[in-house]
Amino acid sequence: MSVKFEKETVRETSTTGGRKHEIAHEIGERLTGGETMTGYLAAYLKQLQENPLRTKMLTSGSLAALQEVLASWIAHDRSKHGHYFSARVPKMAIYGAFISAPLGHVLISILQKLFKGRTSLRAKILQILVSNLIVSPIQNSVYLISMAIIAGARTFHQVRATVRAGFMPVMKVSWITSPLALAFAQKFLPEHTWVPFFNIVAFVIGTYINAHTKKKRLAALRKKHYGDGRSNSGRTDDFPRRDY
């Protein structure tokens with residue numbers, strides 16, 4: 001009886017393991033398309049080649065909105081209604097789709113054209129330098145200006161103060177992460193996938209920075225307005241204007 005029980009146990013375990021392997025294999029096939037190249041990833045890459053700007057706009061807009069919701073959840077930054085979907089979410093989506101994506105599309109296209117066909121180590125290093133000294137400052141400046149306006153800044157002084165305060169910290173992060181991301185893209189990715197790849201990298205880093213900034217802002221606001229207590233929602237605006 002013990003031998004039969006052991007055989008049945010082994011058979012049941014192997015069957016369970018086989019089912020798990022089949023499920024994982026089916027998920028992988030569905031995402032990548034496998035040998036047939038008909039999965040979600042293949043369909044996305046096809047759209048990226050056929051409609052590059054539109055696909056990048058949808059990708060960047062979705063990631064920007066998701067980043068805001070996720071950062072608010074991490075920082076416990078609720079809206080005045082007590083939830084994490086604030087008025088900033090659709091504005092972040094608009095920024096990602098209509099500002100970040102087109103700007104990245106143009107700048108990365110120019111960068112790729114400048115170094116098209118140049119595969120030497122010197123050319124790759126020069127491409128990284130151009131990206132960090134020209135492309136990144138432009139993108140980060142536009143990002144900070146957009147974030148200031150989304151946060152409620154309406155005067156040139158408020159926007160300039162936001163850019164001056166945040167430019168170097170953001171650039172330091174870019175100078176650390178951008179060379180690594182660009183070197184990875186140069187080595188492993190086709191050029192038409194660079195912008196979505198950089199969007200994903202920016203999503204991860206941006207979520208962390210956004211959540212960290214929200215935590216610091218909420219802590220400062222509680223200390224200023226509520227002492228050591230907590231507000232009901234924990235949410236207020238970065239600038240006095242509230243009708244946005």
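**Exercise 1.** Is His76 buried, partly exposed or exposed?

Solution. The model is predicted, and the values here are computed from it.
- Step 1: locate the residue. His76 sits in the loop that runs between helix H3 (52–75) and helix H4 (88–114).
- Step 2: apply the cut-offs. Buried is under 20% relative accessible area and exposed is over 50%, with partly exposed in between. His76 has 48% relative accessibility and therefore counts as partly exposed.
- Step 3: check the backbone. The phi of His76 is positive, about 60°, although His76 is not a glycine.

**Exercise 2.** Determine how H2 and H3 are oriented to each other.

Solution. 
- Step 1: take the geometry. Helix H2 (residues 40–50) packs against H3 at an angle of about 125°, and their axes are 5 Å apart.
- Step 2: classify the angle. Roughly perpendicular covers 65 to 115 degrees, and roughly antiparallel needs over 145. H2 and H3 are therefore oblique to each other.
- Step 3: list the contacts. From H2, Tyr44, Gln47, Leu48, Gln49 and Glu50 meet Pro52, Arg54, Thr55, Lys56 and Thr59 of H3.

**Exercise 3.** Find which element gives the most to the nonpolar surface patch.

Solution. 
- Step 1: identify the patch. Its members include Leu121, Ile125, Met168 and Trp175, and the whole patch has about 860 Å² of accessible area.
- Step 2: assign elements. Helix H5 (121–151) and helix H6 (156–188) each give two or more residues to the patch.
- Step 3: compare. H5 gives the most, with 7 residues.
- Step 4: inspect one member. Leu121 lies in helix H5; at 63% relative accessibility, Leu121 counts as exposed.

Conventions
Residues are numbered from 1 along each chain as its sequence is written. This is a predicted model: local features need pLDDT of at least 70, side-chain atom pairs count only at pLDDT 80 or more; totals for chains, interfaces and linings use all residues. Side-chain values use heavy atoms; hydrogens and water are left out. Helices (H or I, at least four residues) and strands (E, at least two) are DSSP runs, numbered from the N terminus. Buried means under 20% relative accessible area, exposed over 50%, partly exposed in between (1.4 Å probe, protein chains only). Patches are made of residues with over 30% relative accessible area and no salt bridge: like charges are joined within 9 Å, nonpolar side chains (Val, Leu, Ile, Met, Phe, Trp, Tyr) within 5 Å. Accessible areas come from the Shrake-Rupley method with a 1.4 Å probe; for residues, only the protein chains shown count as cover. A salt bridge is a side-chain nitrogen of Lys or Arg within 4 Å of a carboxyl oxygen of Asp or Glu. Axes are lines fitted to C-alpha atoms, for helices over the stretch in contact, and angles run from 0 to 180 degrees between N-to-C directions. Angles under 35 degrees count as roughly parallel, over 145 as roughly antiparallel, 65 to 115 as roughly perpendicular and the rest as oblique. Contact means heavy atoms within 4.5 Å.
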